[in-house]
Amino acid sequence: MFGGVATAPSNSPHLRKSGSRLVVSDLGTSELENDAEEGFLRLIEGNDRKGGNMPSIPMSTAAIMPSPAMLWRFKVLLFFVWGFICCKVGWDSVMRMSVDLRDLFLYEAFLYYNPLLLVTMMVWFWGVNLWVFAQGNVNYAKIFDLDQNHLTHREIWKCATWMTIVVPTSMTAYLYLYSHGEVSLAASQPVLLYAAVAMLLIFPFDIFYLSSRFYLLRTLWRIVLPLQAISFSDFFLADILTSMSKVLSDLERSVCRMVHRQVATIAWFEADSVCGSHSVAIPVVLVLPYLFRLFQCLRQYKDTGEKTTLLNALKYSTAVPVIFLSALKYHVFPEKWTTFYRPLWLLSGVLNSLYSFYWDVTRDWDLSGFTRIFKFSKQHFSSNLIHGRKWVYFWVIGSNLILRCTWTYKLSSHLRHNYLTVFAITALEIFRRFQWVFFRVENEVNKTSSKSNIQLSMIDNPNEEDRLLVSNGHSV
């Protein structure tokens with residue numbers, strides 16, 4: 001997701017000098033197309049002038065070769081035609097089902113494919129993040145401690161495009177085969193897709209961005225076992241995983257049904273079965289990303305002794321009662337749930353949402369109680385902001401508060417039967433995290449720049465060295 005460590009071979013044609021600034025070509029589509037056409041015409045003219053020293057390209061061949069703009073439009077047209085076909089086939093397949101089974105059929109299909117659809121959405125958003133960073137000359141490679149062999153926004157979007165094609169195609173095949181009575185073939189569709197994704201991630205050969213895949217897997221391993229000092233990329237990805245806790249829970253439910261051969265069967269209808277909606281594994285998987293972040297904060301406190309990391313750990317611990325109080329609905333009497341546990345669940349949800357919102361604004365983004373918003377006209381630290389418009393900050397603060405409050409819904413396993421609502425709220429949470437990335441990275445860039453300036457002043461004024469203390473750690 002972020003990029004790769006220096007594991008590519010030294011003779012790799014994509015390896016750039018480590019430590020150099022990222023250079024990204026941000027020419028518009030039209031400029032690139034015009035340059036390609038002009039270069040092609042110059043090649044033809046040069047061949048004509050050389051009078052046969054080089055094999056010339058006939059003008060008839062040049063006339064029939066499609067321009068880059070034409071090829072791009074053709075690809076877009078094919079993409080929309082493919083999307084229309086998938087929607088038409090999927091809709092017709094659903095309409096073939098009887099009314100009483102249609103909702104259950106859609107729920108099962110949605111369970112298998114909505115996690116990968118949401119991951120695809122996250123990959124698209126990450127590409128947008130990187131594009132904005134490149135436009136603003138933000139050296140995100142330095143922030144994430146990447147080498148110069150990492151993926152750019154164009155490569156991220158290429159991956160997202162393939163994911164956008166493959167996942168809905170598999171879902172359409174599942175709907176079509178199931179509705180036409182080919183149950184065994186339908187059941188194989190999500191299994192093959194999940195197996196292909198897993199193999200692609202762990203494929204050990206140097207194809208399909210090996211160094212980037214290794215970087216992602218290594219970072220995930222460091223998140224699960226925080227036995228080392230916590231880097232910025234470690235807790236950055238762990239924060240993103242907290243927004244995708246519902247995605248991880250649905251992945252666990254899907255894999256459970258695949259392992260127990262319950263795909264496209266009625267065995268999973270039993271809520272109390274091993275893969276049912278009342279399983280204790282659901283809250284356990286939901287809480288794991290928050291526990292990972294909690295342990296990271298404790299590890300950071302051990303390394304640095306900063307008390308703010310304990311307050312951050314407390315923030316992640318407030319998600320635990322939200323998740324487990326919700327799961328209790330299926331294991332206590334209804335009267336007990338209504339009179340005692342449900343009010344506790346609501347109270348813990350409000351506490352978690354407000355605490356998380358406060359931490360986003362004052363710590364992750366360092367907006368210092370909104371004071372930076374109102375000081376743009378003065379010489380202030382905010383003059384170095386990447387995003388220098390007031391309305392952007394009003395929008396992101398307001399939307400962050402609203403979406404933090406709806407966050408509780410997706411953490412509550414007793415509400416997961418409303419699958420379309422949960423899907424929409426999870427997608428909105430991913431959008432909130434997409435916004436969060438801009439300001440979190442901005443804050444880290446400003447901190448890094450401030451530390452560099454202090455270190456330069458220490459070099460210029462060696463007598464003040466004893467009076468200055470610069471922390472080398474990241475604030476998590």
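Modeller: Two axes count as roughly parallel under 35 degrees, roughly antiparallel over 145, roughly perpendicular from 65 to 115, and oblique otherwise. By the way, this is a predicted model, where local features need pLDDT of at least 70, side-chain atom pairs need 80 or more, and totals for chains, interfaces and linings use all residues. Numbering starts at 1 along each chain as its sequence is written, and side-chain values use heavy atoms, without hydrogens or water.

Biologist: OK, so what makes helix 8 and helix 9 roughly perpendicular?

Modeller: Their axes cross at roughly 85° and come within 9 Å. That angle falls in the 65 to 115 range, so the two are roughly perpendicular. Axes here are lines fitted to C-alpha atoms, for helices over the stretch in contact, with angles from 0 to 180 degrees between N-to-C directions. Helices are DSSP runs (H or I, at least four residues), numbered from the N terminus.

Biologist: Which residues of helix 8 and helix 9 meet?

Modeller: Tyr215, Leu216, Thr219, Leu220, Arg222 and Ile223 of helix 8 touch Ser233, Asp234, Leu237, Ala238 and Leu241 of helix 9, where contact means heavy atoms within 4.5 Å. By class that's 7 nonpolar, 2 polar and 2 charged. Nonpolar covers Ala, Val, Leu, Ile, Met, Phe, Trp, Tyr, Cys and Pro; charged covers Asp, Glu, Lys and Arg; the others, Gly among them, are polar.

Biologist: And how do you know how helix 4 and helix 7 are oriented to each other?

Modeller: Helix 4 (residues 99-135) and helix 7 (residues 183-202) pack at about 30°, axes 10 Å apart. They are therefore roughly parallel. On helix 4 the contact uses Leu111, Tyr112, Tyr113, Pro115 and Leu116, facing Gln189, Pro190, Leu193 and Tyr194 of helix 7. Sorted by class, that contact has 8 nonpolar, 1 polar and no charged residues.

Biologist: How many aromatic pairs are there?

Modeller: The count is 27, using rings of Phe, Tyr and Trp (its six-membered ring) with centres within 6.5 Å; planes under 30 degrees apart are stacked, over 60 edge-to-face, the rest tilted.

Biologist: Where does the UniProt record put the transmembrane region annotation?

Modeller: The unreviewed entry gives residues 74-91, 111-134, 155-179 and 191-211, though such annotations may be inferred rather than shown by experiment. In the model, residues 74-91 are 100% helix, with end C-alpha atoms 26 Å apart. Residues 191-211 are 67% helix, and their end C-alpha atoms lie 27 Å apart.
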